[in-house]
Amino acid sequence: MAERKLFKGNEAVAEAAVRAGCRYFFGYPITPQNEIPEYMARRLPEVGGLFLQAESEVAAINMVYGAAGTGARVMTSSSSPGISLKQEGISYIAGAELPCLIVNMVRGGPGLGGIQPAQSDYFQAVKGGGHGDYYTIVYAPASIQEMVDLTMQAFDVAETYRMPVMILGDGVLGQMMEPVEFREPAPREVPAKDWATTGAKDGRAPRLINSIYLQPEALFKHNLKIAERFEQAKKNEVMCEKAKTDDADIVLVAYGTTARICRSVMDRARAAGLKVGLIRPITVSPFPYDEIGEVARTAKAFLTVEMSLGQMVEDVKVAVSGAAPVHFYGTTGGVIPTAAEILERVEEIARAEVRK
Amino acid sequence: MKQVYSVPKSLQPRSTHYCPGCTHGIAHKLVAEAIDDLGIRDRAIGVAPVGCAVFAYDYFDCDFQQAAHGRAPAVATGIKRSVPDSVVFSYQGDGDLASIGAAEIVHAAMRGERITVIFVNNAIYGMTGGQMAPTTLVGQKATTAPFGRQKEHCGSPLRVSEMLATIPGAAYVARVALSSPGNVAKAKTAIRKAFETQLAGEGFSLVECLSTCPTNWGMGPYEAMSWLEENMIPYYPLGEFRTPEGGPNNA
Ligand SMILES: Cc1ncc(C[n+]2csc(CCOP(=O)(O)OP(=O)(O)O)c2C)c(N)n1
Ligand code: SF4
Ligand SMILES: [Mg+2]
């Protein structure tokens, strides 16, 4: 067994990326993710890689575009206001079918907002984010170990589907410390980068990294090709954890930090004799619609909990599709919901929907 | 029979989408000739802008990336840093480089990024139909400056080469004009020097090419050339503003 080491979330995700072969990092400082660029500035030169602090998030993501276009394993990281600036570039990267990793340690918004943990950028993360018809693959880890495991496979996944992969964390996941083990992910067959622009050597034809298709039919076809890859990702990459859902009357749905809290809510509710389960999407894009839909056949009610005023709850409603009521509890602005508050909501729902 | 001229090998043998009398074609040819002369076609990676030259990749016979509006220097940075032995050039218009991409060009120069920038200054937004650029001359009409650019309203035009020449990381900065045969010959020398600066690892290089946009200037090709020489050159003096040998030359 590999050794377990105590790591801060931000540094763990950076180390995992390096071990996954990431050799280029372009970023711009913003709280609460500064330990990622700081770690990379020390670490990447040790492995012959390169760290560069860009003049802005706009420049950073376009440097990622350039490096990804040469076939390099490249990443950037930021937090909400910076990710907003990166959306132009993310859209171009998606349009040009380039793989890369983007880490987003979400903080409260809108505007400058605050620096405390939030989940209010769910819509931005999972519904494309920038302009145009595209999706990215978005992981929502709930522990440092899971963040490491997902990061270790993120580049393989990005290269398989030729699209950006995002790790959607928050200030809690970035700042807290847990023991982690860096373990090799299951090997994948990653397609050769026969599109990378590295100079047209040895008589090969020139290559082009591009997202412009002025003929509507050509753009239609191009978008369908990208969508088809995402369809494949839907088939192969959806990840979600179900806990005690088999006999559950009330099912909590939460991701990331909030799911950790909901797990203890579930345990306390069970101890009090309430049949409560938990569904934790690990990929929030593609979203585990089918997995939730299946549980909706037996569950009497759902409670979605988020550090937002209600974003993922819309996807949960789509998944449940009217089979059971979907309730919502959320906090915003960097306020973390407490287990007691959530438990109170669970008890209310139990009184109204289960024992009626 | 002695061959005195041929199309540069680094250009694709096809006609362009540029308007009659547009100098984008001349700039393309000079870049391709420099690539041929220096024997770097298989190391060259171009970065196309958003502007009339967005399809530049259709004309060059080398690898290319198409960048978002103004972001070519950042994209070029990502390429050069991940493939250090490549020869990277961006090709950008004045709206692209001097307006929306002002931060990216300044910081690429500041870092001494080993890239070559071909800056096509035609004092107008060509692709979008003749709106005012940061380089539009005072009094010059544009669709968004229907009474001519007014200094009091939107300031005086930006002299990009002079500005960048103050940055230590900029190793070679020159302004040329794509007007007369004599000026085009000088432009060819400057573009070659810019690539040589990159090959020698000396830092950032940029050649500003004063150019015409007969279509949006509302002029014929010949009239546009005269207008460039009579109006642009007095405000945008030609010459080398910075060379690897000796800092600012004639700035
Ligand atoms: C973010 C963004 N804003 C605006 C545009 C629209 N746009 C396309 S080209 C252009 C100006 C191009 O002018 P210039 O860079 O001077 O190039 P030219 O066409 O004159 O060669 C603009 C504003 C765009 N494509 N993207
Ligand atoms: S619009 Fe102007 S810059 Fe564009 S191709 Fe025509 S003449 Fe050239
Ligand atoms: Mg222009």
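Me: A salt bridge is a side-chain nitrogen of Lys or Arg within 4 Å of a carboxyl oxygen of Asp or Glu. How many of them does the count give between chain B and chain A?

Reply: The general idea first: side chains of opposite charge can pair when their charged atoms come close. Here, the count between chain B and chain A is three. In one of them, Glu55(A) pairs with Arg111(B), with the closest N and O atoms 2.9 Å apart. Over all chains, the count reaches 37.

Me: Before we go on, what am I looking at, and how do I read the labels?

Reply: This is a predicted model, where local features need pLDDT of at least 70, side-chain atom pairs count only at pLDDT 80 or more, and totals for chains, interfaces and linings use all residues. Residues are numbered from 1 along each chain as its sequence is written, chains are lettered from A and ligands numbered from 1 in the order in which they are written, and side-chain values use heavy atoms, leaving out hydrogens and water.

Me: Got it. Which parts of one chain do salt bridges link, say Glu15(A) and Arg43(A)?

Reply: Those two side chains meet in a salt bridge at 2.7 Å, N to O. Glu15(A) sits in helix H1 (residues 9-19) of chain A and Arg43(A) in helix H2 (residues 35-46) of chain A, 28 residues apart, which makes this a link between distant parts of the chain. Helices (H or I, at least four residues) and strands (E, at least two) are DSSP runs, numbered from the N terminus.

Me: Back to the two chains. How many residues does each one bring to the contact?

Reply: Contact means heavy atoms within 4.5 Å. By that rule, chain B brings 33 residues and chain A brings 32. Between chain B and chain A that comes to about 2500 Å², with 59% from carbon and sulfur atoms. On the chain B side, Asp63(B), Gln65(B) and Arg81(B) lose the most area to chain A, together 21% of what that side buries.

Me: And how many residue pairs are in polar contact across that interface?

Reply: A polar contact is a pair of N or O atoms within 3.5 Å; within protein, one must be able to donate a hydrogen and the other to accept it, and residues adjacent in sequence count only if both atoms are side-chain atoms. The rule finds 17 residue pairs across the interface of chain B and chain A, both residues at pLDDT 80 or more. Of the side of chain B that touches chain A, H2(B) gives the largest share, seven residues.

Me: How do I read strands that pair?

Reply: Two strands pair if DSSP finds at least two bridges between them. Here, strand E9 (residues 208-209) of chain A pairs with E2(B) in the parallel sense over two bridges, and Gln65(B) is the bridge partner of Ile209(A). The open sheet has eight strands with mixed pairing, in the order E9(A)-E2(B)-E1(B)-E3(B)-E4(B)-E6(B)-E5(B)-E7(B). E9 of chain A and strand E7 (239-242) of chain B stand at the edges with a single partner strand each, so one side of each has no neighbour in the sheet.

Me: How many residues surround ligand 1?

Reply: A residue is near a molecule or strand if one of its heavy atoms lies within 4 Å of it. For ligand 1 that gives 16 residues, the closest being Cys52(B), Asp94(B), Gly95(B), Asp96(B) and Gly126(B). Oxygen atoms of ligand 1 lie 2.9 Å from a backbone N or O atom of Gly95(B), 2.8 Å from a polar backbone atom of Asp96(B) and 3.1 Å from a polar side-chain atom of Asn122(B). Around ligand 2, the residues include Cys52(B), Asn122(B) and Gly126(B), and helix H8 (residues 214-217) of chain B gives the largest share, three residues.

Terms used:
Buried area is the accessible area (1.4 Å probe) that two parts lose on being put together, summed over both.
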